[in-house]
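Student: I have a model open and would like to learn how to read its features. Could you take me through it, step by step?

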Amino acid sequence: MIAKLTGIIDEIGTDNIVLDVQGVGYLVFASSRTITAIGGVGDGATIYTEMQVSETDMRLMGFASGSERDWFRLLISVQGVGGKVALAILSALEPGEISRAIATGDKAMVARANGVGPKLALRIVNELKDKVGGIATDPIAGGGAIHAPSNNSADAVSALQNLGFKPAEASAAVAAADAEAGEGVTLDALVRLALKKAAK
C-alpha cells in the first residue's frame, strides 16, 4: 500500500497530477483544493495517498494533508459515495465546512459539491454525524468552534489501523480524541486517548 509520495510535479490536469518520484511518474487523482495547494510544475511536493481498487479500475488518490485523507476515508464509508464524489466534496468544501455541515445537519451545504444530490447529501450527513461529531465542535469551547485536527492525527489514525481498526473507525476515534485533547497533544497521548474513545 502506498501511503505517501514525495517527488517533483511533472504535470497538472483538471483532476489529477503526475508526480515524478525518482524517474517513476505516478498519476494521482486529487481534489481541486489539493491541486491548488501543492504547487506548480517543477515544484517538489509530498502527497498523502489512498489506493482505490475496483473490478475495473485502480486509482491513486492524493491529498495535501493527512486530515484531508482522513475525511476522504470517512466520506467513502458512506454508501453511494465513491472516490470521485468524495473528491468533489473535498473540492467544494474545506474540512471545517464539512464538519460544520455534518454537525448542523446542513445537507444543502454538502449538496453544493458536483454529483451530490439532496438524497445523497442527507445520507452523508446522517451516517457521519455519529462518527465525526467529536471533530465538528470543540467541547472545551462550549460548542460552535471548529476544531482543526492536530499534526499527529494522520499518524494516530495509521497506528489504530495497524491495531486492526477499520479506517472509518480509526478516523472517528482519533478525531474525537483530537478534539478533546486540543493543540500540542503528543502522538503517544493522542493514540492512547483514541483507543479509549474507540472502546466506548
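Student: Where is Glu169 placed?

Tutor: Glu169 lies in helix 8, which covers residues 167-181. Keep in mind that this is a predicted model.

Student: Is Glu169 buried, exposed or partly exposed?

Tutor: The relative accessible area decides that, with buried meaning under 20% and exposed over 50%. Glu169 has a value of 42%, so it counts as partly exposed. For its spatial setting, look at Lys131: Glu169 and Lys131 are 38 residues apart in sequence, with their C-alpha atoms 7.6 Å apart in space.

Student: How do I read the overall layout, and how many helices and strands does the chain have?

Tutor: The chain has nine helices and five strands. Reading from the N terminus, the order is β-β-β-α-β-β-α-α-α-α-α-α-α-α. Of the contacts between residues at least 6 apart in sequence, 54% join residues at least 24 apart. Buried residues account for 42% of the chain's 200 residues.

Student: Which residues of helix 3 are buried?

Tutor: They are Gly83, Val85, Ala86, Leu87, Ala88, Ile89 and Leu90. Helix 3 spans residues 83-92, and because seven of its 10 residues are buried, it is largely enclosed by the rest of the structure.

Student: How should I describe two helices that pack together?

Tutor: Give the angle between their axes and the distance between those axes. Take helix 2 (residues 66-76) and helix 3: their axes are 9 Å apart, at an angle of about 130 degrees. Helix 2 is therefore oblique to helix 3, and the crossing is right-handed.

Student: Which residues of helix 2 and helix 3 meet?

Tutor: Helix 2 brings Glu68, Trp71, Phe72, Leu75 and Ile76, while helix 3 brings Gly83, Ala86, Leu87, Ile89 and Leu90. This contact consists of eight nonpolar residues, one polar and one charged. As for the spacing, an α-helix has 3.6 residues a turn, so residues three or four places apart point the same way.

Student: Let me try helix 7 and helix 9. At what angle do their axes cross?

Tutor: The axes of helix 7 (residues 153-162) and helix 9 (residues 187-199) cross at roughly 50 degrees and come within 9 Å. That angle makes helix 7 oblique to helix 9. Helix 7 passes helix 9 in a right-handed crossing.

Student: And which residues make that contact between helix 7 and helix 9?

Tutor: From helix 7 come Ser153, Asp155, Ala156, Ala159 and Leu160, meeting Leu187, Leu190, Val191, Ala194 and Leu195 of helix 9. Sorted by type, the residues here are eight nonpolar, one polar and one charged.

How values were computed
Residues numbered from 1 in each chain as written. Predicted model: local features only at pLDDT ≥ 70, side-chain atom pairs only at ≥ 80, totals over all residues. Heavy atoms only, no water. Buried < 20%, exposed > 50% of the residue type's maximum accessible area, 1.4 Å probe, protein only. Helix = DSSP H or I, 4+ residues; strand = E, 2+ residues; numbered from the N terminus. Contact = heavy atoms within 4.5 Å. Axes fitted to C-alpha atoms, helices over the stretch in contact; angles between N-to-C directions. Parallel < 35°, antiparallel > 145°, perpendicular 65-115°, else oblique. Left-handed = near helix turned anticlockwise from the far one by under 90°. Nonpolar A, V, L, I, M, F, W, Y, C, P; charged D, E, K, R; others polar.
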